[in-house]
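Welcome to my notebook. I opened a new structure today and jotted down what I looked up.

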Amino acid sequence: MVIKETIKKIKNDRDNWEKTCYQNLIKDHPERKPIFENLSGLEIKNLYTPEDIAHFDYNKDMGFPGSYPYLRGVHATMYRGRLWTMRMFAGFGSAEETNKRYKYLLDHGETGLSVAFDYPTLYGYDTDHPLSRGEFGKCGVAVSSLKDMELLFDGIPVDEVTTSMTINGPAAIIWAMYVANAENRRISKKQIGGTIQNDILKEYIAQKSFIFPPEPSMRLIVDTFEYGFKKVPRWNTISISGYHIREAGSTAVQELAFTLADGFEYVKAAMKRGLNIDDFAYRLSYFFNAHNDFFEEIAKYRAARRIWAKGIKDLGAKKPRSMLMRFHTQTAGCTLTAQQPEINIARVTLQALAAVLGGTQSLHTNSMDEALALPSEKAVRIALRTQQIIAEESGVTNTADPLGGSYYIEWLTDKMEEETYKYFDRIKQFGGVIPAIEKGFFQREIAESAYKYQKEIDDNTRTIVGVNQYKLDEETNIPILKMDEKGEHRQIERLKKLRKDRNKAKYERSIKNLRKAAEGEENLMPYILDCVHSFATLGETCGVLREIFGEYEEPAIY
Amino acid sequence: MEQKIRVLIAKPGLDGHDRGAKIVARALRDAGMEVIYTGLHQTAEMIVEAAVQEDVDVIGLSLLSGAHMTLFTDVTRLLKQKNMQDILVVGGGIIPEDDVPVLKKAGISGVFGPGTQVETIVDFILKNVKK
């Protein structure tokens, strides 16, 4: 980037500065720590100069926003054209309560919806299943049938608002419910837009809400890819997620490496089915965490875009749109403290700013009270306002990739990319992502990092404000969200009525057809959609697949 | 030689968040205790059965889904039925303050939220275990 002679001179001058100015100073005034490291344990130097990025070829390594390798962003205009989508993850209790929260958020300037489902739904069980005991609506909304989906989106213009749904094991079924609801409202499948998370690999690795073993799970995912580009072209059929890997305790480098490895695994699985990479790759989206180390997070997003662009090109993609990585970001839930919860607002602001400087397409900001319970309306509003302040007041949206060209950021971006390729090699040695999961590789790597992080906090070598330093003895006084206690009862009654009132012959036929198709090799999406339209419940539909595919069990290691 | 304290770390219900459970399991082991980890998706019956099989002194329950009021107390109720109240039961997770006294009354002697240093849990067990 800078001509050789100049670099040489800078290096000389830097060495002089180091020997004289710097060393003289630290003799009498030593630095606060012997070594400075970022959250991934990378050593950070005292200063970065053009020397650190001397090997850069601007056009090849950086390029321009909206063009290969997309380091500087996926749109030519970035936020000058359109701001990111402010998409707050929400869901609790019954479909009616969550519907009310969605309308509240939209009224306050939210621009996209994001559904959190409760545990029974995530595992494909109906609310009245014995294993659903105690879980109804606790960490998301319960959706057991098309009826619940109708209530959840009642009065919401699903042809205008895009919806992201955090659902994995039973993603195909929940997506079918969303599609069926739109169809019943006479909105075409081509019109609706949104995302299903549908990322099973990170479930085995980190979040652990899996249902089926890897092979049938991958089949279902490729089914949604194929159905998506043919029938629901505005839908992102997967959101390949690093978020949960990070929440489980990984470092930023591990988050980047494991998530991208998962991404390429899905692409390869779809290509193996015979799909053309340029038909589906543009509908694969990503989801990253925004943790505490500000510059490391920014570098992570930038590196992710470049790794993806290069990798997809190497796999044979021709169309530029296949190579650009679009991603959602959520601030790190695991960094929120139960102690002095108000200060979480400051943490979330920094994390959100990192996501924006990293070029995110959509963003969820956590609420200050989430280390204690589900967020109250006021806490959510403040979190949304935080995004609005970054968007409207801070000025960071005026130019694309404002930190591009920073010696430190570019060095760090490069370094994280390099570390990612090292992990790719290790994963390859296991024979790919799935064998590495089965051997517990990712799980061990993450548990190791999580333990190290916790130990640093416990040893006071890592400061967490309010937790191990700057502590306060006062009681927290945060109003906690109270849920409608009758919600569960109403839901169970609704299920009973649905099972009684539905057209029995139609229901039985749809389930029989699904079973037959699942035993064969056809794309299951049309069959699942048929089940949903026939008012087969989530538990019934998923139950058929459980019978045929079996269930996954993970080894308990710590 | 003094016998090691035996601890069962369990994940009741459907919740898959196992970061805390694994960290605590490891920290207790490093503190010299014998630790058995059940893995995910345990019912109260499975947990109590494992406690009997492994002859543990302590059960540590971890749950972040919010279902602690039901699932933690299912375990202590079952222990009571089986006359196994000599086992010390502790729990951790996203637990609102209002729930803590109720859980304590139901037999979950120690309740630990986010930000708890593992040392605090080790100390609590050492002080309260009934051996």
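**Ground rules.** I am reading a predicted model, where local features need pLDDT of at least 70, side-chain atom pairs count only at pLDDT 80 or more, and totals for chains, interfaces and linings use all residues. Residues are numbered from 1 along each chain as its sequence is written, while chains are lettered from A and ligands numbered from 1 in the order in which they are written.

**Domains.** I found chain A divided into domain 1 (4–58) and domain 2 (81–458), with bounds from an automatic or database domain assignment. Over C-alpha atoms, the centres of these domains of chain A are 36 Å apart. I see eleven residues of domain 1 of chain A in contact with twelve of domain 2 of chain A; contact means C-beta atoms, placed from the backbone, within 7 Å.

**Helix H1 of chain A.** Helices here are DSSP runs (H or I, at least four residues), numbered from the N terminus. Is H1(A) buried or in the open? None of its 25 residues is buried, so H1(A) lies largely in the open. A residue is buried if 20 or more other C-beta atoms, placed from the backbone, lie within 10 Å of its own. I also noted a kink of about 35° in H1(A), centred on A:Glu18; the bend is the angle between axes fitted to the seven residues ending there and the seven starting there.

**Helix H14 of chain A.** H14(A) is mostly covered, with ten of its 14 residues buried. Among them are A:Asn344, A:Arg347 and A:Leu357. Their cover includes helix H12 (294–314) and helix H15 (377–392) of chain A.

**The core.** The largest nonpolar core has 189 residues, and A:Val143, A:Met177 and B:Ile59 are among those with the most contacts inside it. Such a core is a set of buried Ala, Val, Leu, Ile, Met, Phe, Trp, Tyr and Cys residues joined through C-beta atoms within 7 Å. Helix H10 (residues 252–272) of chain A gives the largest share of this core, eleven residues. Looking beyond neighbours within four places in sequence, I found A:Val143 in contact with residues including A:Phe117, A:Met177 and A:Leu538.

**Where the chains meet.** Which helix of chain B gives the most to the side that touches chain A? The contact takes 28 residues from chain B and 30 residues from chain A. H1(B) gives the most to the chain B side, with five residues.

Notes. Two residues are in contact if their C-beta atoms, placed from the backbone, lie within 7 Å. A residue is buried if 20 or more other C-beta atoms lie within 10 Å of its own, exposed if 12 or fewer, and partly exposed in between; C-beta atoms are placed from the backbone. Helices (H or I, at least four residues) and strands (E, at least two) are DSSP runs, numbered from the N terminus.
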